[in-house]
Amino acid sequence: MISLTHVSILLFFIIFSLHNERVRGVGVIELDPLTCNNDIDSLDCTETPLSSLVDGAGNDEVKIPCGTCYFVDYDDGSTVEMPEGLTIEGKLYFSQTASVTIHTTHIFVTGKLKIDEPSPGNKVRFLLYGTEDKYIQPIGNNEGKCGDAGCKVGKKPFAVAGGQLDIRGVEDIECSSWGKLADFQNGMIQVSKETCWNVDDTIVFTTPDWKIEHSWEAKIVKIENFNITVDLPLPAYFTHATLKTAPDYAVEVASLSRKIIFEGEDDEDLIGGHMIIYHTPNVTQRIEGAEFVNFGQQGNLGRYPIHFHMSQNVIGSSVSGNVIRQSNQRGIVIHGSMNVNITHNVAYNIFGHCFFTEDGIETGNSFTHNLGVNIQEPSKLIPGENDDQPSVFWITNPQNSWVNNVAAGSEHSGFWFDTRGGVRGPSRNLPEGQSMKPSALSITKFANNTAHGCKDAGMRYYHPGWRPDVKSDLNTLYNSSVYRNLLTGHFIHANWQIIFDGGLVADNGIGLRIFQVDDIVIKNMNIKGRTDSYKAVMENVEPISVLECRTGFQIQHERMGIRNTFGLEVSDIQFSDFGPECDEAIGINTQFIEFGTHQYESSDGLSNIFFDDSSISKRINLCPAMELNLDNVALNDKDGSLDPQKNGNQGFVISNQSKNLAFLDSCTIIEDACAYFCETVCLRNVRVEVNGALTPLQDIEMVIVNSEGTEAVAQARRYNSSDTESATHYEFYFKAYFGASLPEDDYTFHFRSKGTGDLVWPDFADLTYEFPPRDCGGYLNDNSITFNMPEFSVTRCVGELLDDTDFEDIYKGGWQAENLDLESNKDLDPRGLRATRKSTISSDKEAFLLQYIDRSCLYELAIMEFEARFQFESSGNREEVSCDDCLKAKIEFQDDDDLRTQ
């Protein structure tokens with residue numbers, strides 16, 4: 001007896017391709033502190049001035065010999081030329097009296113560089129220039145580690161290789177950094193905290209809406225009793241973005257000026273300077289209170305303003321209180337390095353991702369109270385990288401901490417969890433590099449972070465998706481604030497087992513956009529549609545800044561389905577400010593309904609949902625989903641939060657469809673929502689999958705009959721797009737679906753012709769019981785549904801079971817294709833047989849032709865015979881060629897468990 005649920009004949013092509021994973025290095029070198037510097041800190045530097053080396057260098061490189069210490073004796077702001085570069089093998093010390101510009105092609109630190117905070121009026125500036133690549137040749141105990149050619153560090157480098165930085169540009173890191181705009185009136189500005197800013201400092205005000213060009217840069221001309229006057233008066237819209245007028249949405253104000261400056265000379269190719277801590281493990285680095293201007297080299301891998309490169313454990317290292325501005329590429333990059341403290345930094349006008357962990361192996365790093373402003377898409381992209389979707393914080397490994405950071409303006413995202421299934425790049429050669437799976441790890445800490453002013457998403461958790469292996473409170477993101485982002489506040493897709501606890505969501509196009517997630521908890525949030533303070537900002541922007549208000553919370557229509565878990569659990573949410581200009585407070589994510597099953601497949605629960613009725617026009621709206629034929633939504637409302645009668649009882653919000661209502665009592669319509677609330681019921685969704693390529697499918701309906709003989713009818717839903725190019729990439733395009741939300745009972749399903757009423761069969765019918773609902777009993781059990789199938793008929797079944805149609809209209813006949821872009825070539829075969837051609841196949845996915853066979857015609861023993869012919873051709877002249885080692889073809893069957901047997 002053949003007991004296959006459905007049988008399909010496939011011509012199955014296995015496609016081999018190379019996955020171009022970037023590998024930028026082979027092996028991992030480690031550059032250690034030079035042993036000739038063991039007593040370097042005990043030396044008196046004041047006896048050996050730097051000028052004595054510079055004067056004697058002539059046209060040679062200026063070099064601080066190992067085991068010696070020199071002090072900088074330039075204090076008049078003069079420029080010192082070092083055309084052949086500066087190498088610090090020993091120690092170089094800048095005291096508070098130093099005031100100088102070092103103009104040079106490169107600086108190598110293999111010993112120690114110490115810079116104290118310059119005295120008032122003094123500045124220490126490093127100005128890098130040059131067009132030639134530079135190479136480090138280690139000495140002493142590191143000799144030979146870079147090979148004969150040396151270690152390449154590129155153009156205009158400030159490179160630390162086995163050495164140590166001790167840069168302390170400010171005494172109080174916090175007061176030099178950034179705060180909130182407290183008040184703005186009569187041309188006077190007040191900041192939320194005491195600052196140590198000075199007259200002539202440049203400051204920046206972040207955007208109060210979603211456009212980064214609405215930020216403001218100005219210079220301080222007067223400071224008196226904490227009141228600041230700037231040279232360029234602020235636009236009027238900032239009056240509605242202060243702590244006084246809008247406490248939750250006040251813009252940030254940051255100083256962009258420091259007294260220690262690292263700068264790259266202008267270059268039309270966007271090749272600035274770069275600082276790299278190069279293969280230097282177990283050495284504590286301190287980079288504090290410095291300004292980096294025109295650093296980073298656009299399109300060049302590894303050339304960033306501040307870059308810890310493959311330095312592994314650098315515990316105790318600090319990158320704090322710095323300013324990075326006008327960066328050609330990225331900001332602070334932690335690459336193959338662990339345990340760095342990145343705090344109170346300001347990054348402004350950055351191309352590409354800003355605060356950045358690179359390969360996914362980086363752990364133990366802490367990002368605290370950093371501000372990123374105006375992050376932009378670069379014109380030159382590093383091959384294989386995604387900086388064309390720039391984020392302020394690019395997160396590749398959750399085993400780090402992010403606390404009190406602000407992403408204030410990006411051409412794409414604020415925070416992006418771009419966790420991968422494995423470590424990439426040269427970090428794969430580090431310990432755990434082969435075994436670590438970043439996407440499966442829990443997060444160390446993520447709390448009180450803010451994202452506003454982003455063109456796409458405030459916070460994004462997609463592609464490929466953060467998916468912790470362990471369900472735990474350790475996967476909690478606390479008190480995130482996302483507001484005034486053009487498209488989305490939280491973009492949550494392809495994730496599981498994450499908890500979002502607390503926070504503010506306001507003035508976004510969509511507050512929370514959620515789909516294809518499993519076991520996600522969202523609680524204790526305040527979700528606002530369009531606030532009065534934001535309306536006031538927009539009214540003062542010229543031209544008026546339009547930001548569409550669509551939905552506060554988008555419920556998904558389908559889970560990922562990879563794990564046997566629930567969908568969403570939503571509780572303790574306060575909705576307000578969803579007036580007539582907004583579509584609804586709660587809706588269904590409709591963006592991908594057309595591309596999927598057209599079935600509600602999630603198992604979502606709601607409780608303690610509160611609405612400020614005075615500012616809510618529409619609580620929930622299922623109408624957009626109904627317009628796309630998604631008509632079996634069933635949301636478990638555990639306490640009746642959405643009950644129009646407010647009885648406080650558990651129930652389900654369901655789509656306004658007779659098939660859902662036929663077996664239910666005590667249902668109340670939710671006006672203008674295409675929905676009903678059904679009290680004290682427990683529903684479970686079922687889905688029936690059938691052959692979507694059946695030509696007469698639109699003439700078939702599925703009949704549902706309960707134990708009392710009550711009947712309901714469901715219509716088929718399938719992909720209807722004419723875009724067959726996209727259709728080739730998704731197997732569910734070949735199928736159609738019937739679905740319903742049912743209470744506990746026994747049911748019989750059958751299919752009938754709409755025209756004749758005769759019993760028919762859609763080749764196969766696969767039944768899926770969706771995951772049972774939480775916190776309600778008496779739901780539909782497995783095995784409660786049986787099918788009435790037509791009996792075997794010789795007249796109906798004997799003959800041609802394959803629909804041998806032309807391939808020109810492949811998605812409307814029997815044959816279907818996956819991952820093949822087909823063209824019809826009837827004249828190709830000399831025998832006049834139907835044929836199709838795919839000129840090239842460039843994919844790492846399965847590709848095949850497929851046709852389903854009517855299961856009802858398989859009885860006792862079925863003998864099936866068919867013929868298929870294929871050949872490989874030259875892409876040039878289309879002559880037949882042999883290809884024994886590349887593509888393979890085979891014929892397969894598909895059974896109940898989707899197992900395939902040749």
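Analyst: What follows goes through disulfides, salt bridges and a charged surface patch, in that order.

User: Before that, what kind of model is this, and what are the ground rules?

Analyst: This is a predicted model, in which local features need pLDDT of at least 70 and side-chain atom pairs count only at pLDDT 80 or more, while totals for chains, interfaces and linings use all residues. Residues are numbered from 1 along each chain as its sequence is written, and side-chain values use heavy atoms, with hydrogens and water left out.

User: OK, how many disulfides does the structure hold?

Analyst: The structure holds 8 disulfides, where a disulfide is taken as a pair of cysteine sulfur atoms within 2.5 Å. One of them joins Cys-146 to Cys-151, with an S to S distance of 1.8 Å.

User: Which hand does the link of Cys-146 and Cys-151 have? And are Cys-146 and Cys-151 buried or exposed?

Analyst: The link of Cys-146 and Cys-151 is left-handed, with -95° about the S-S bond. Both Cys-146 and Cys-151 are buried, where buried means under 20% relative accessible area, exposed means over 50%, and partly exposed lies in between (1.4 Å probe, protein chains only).

User: What about Cys-549, which residue is its disulfide partner?

Analyst: Cys-549 is joined to Cys-582, S to S 1.9 Å, and the link of Cys-549 and Cys-582 is right-handed, with 100° about the S-S bond. Strands here are DSSP runs (E, at least two residues), as helices are (H or I, at least four), and both are numbered from the N terminus. Cys-549 is buried at 5% relative accessibility, and Cys-582 is buried at 7%.

User: Where does the pair of Cys-667 and Cys-678 sit?

Analyst: The sulfur atoms of Cys-667 and Cys-678 are 2.1 Å apart in a disulfide, and this link is right-handed, with 110° about the S-S bond. The pair links distant parts of the chain, with Cys-667 in strand β51 (residues 667-670) and Cys-678 in strand β52 (residues 675-679), 11 residues apart. Cys-667 is partly exposed, with a relative accessible area of 25%, whereas Cys-678 is buried, with 0%.

User: Switching to charges, how many salt bridges does the count come to?

Analyst: The count comes to 43 salt bridges, each being a side-chain nitrogen of Lys or Arg within 4 Å of a carboxyl oxygen of Asp or Glu.

User: What about Lys-659, with which residue does it form a salt bridge?

Analyst: Lys-659 forms a salt bridge with Asp-631, their closest N and O atoms being 2.8 Å apart. Lys-659 lies in helix α4 (residues 658-661) and Asp-631 in the loop between α3 (623-627) and β49 (634-637), so the pair ties together parts that are 28 residues apart in sequence. Lys-659 is buried, with a relative accessible area of 1%, and Asp-631 is buried, with 2%.

User: Which residues are linked in a network of salt bridges?

Analyst: Lys-114, Asp-116, Asp-166, Arg-168, Arg-286 and Glu-288 are linked in such a network.
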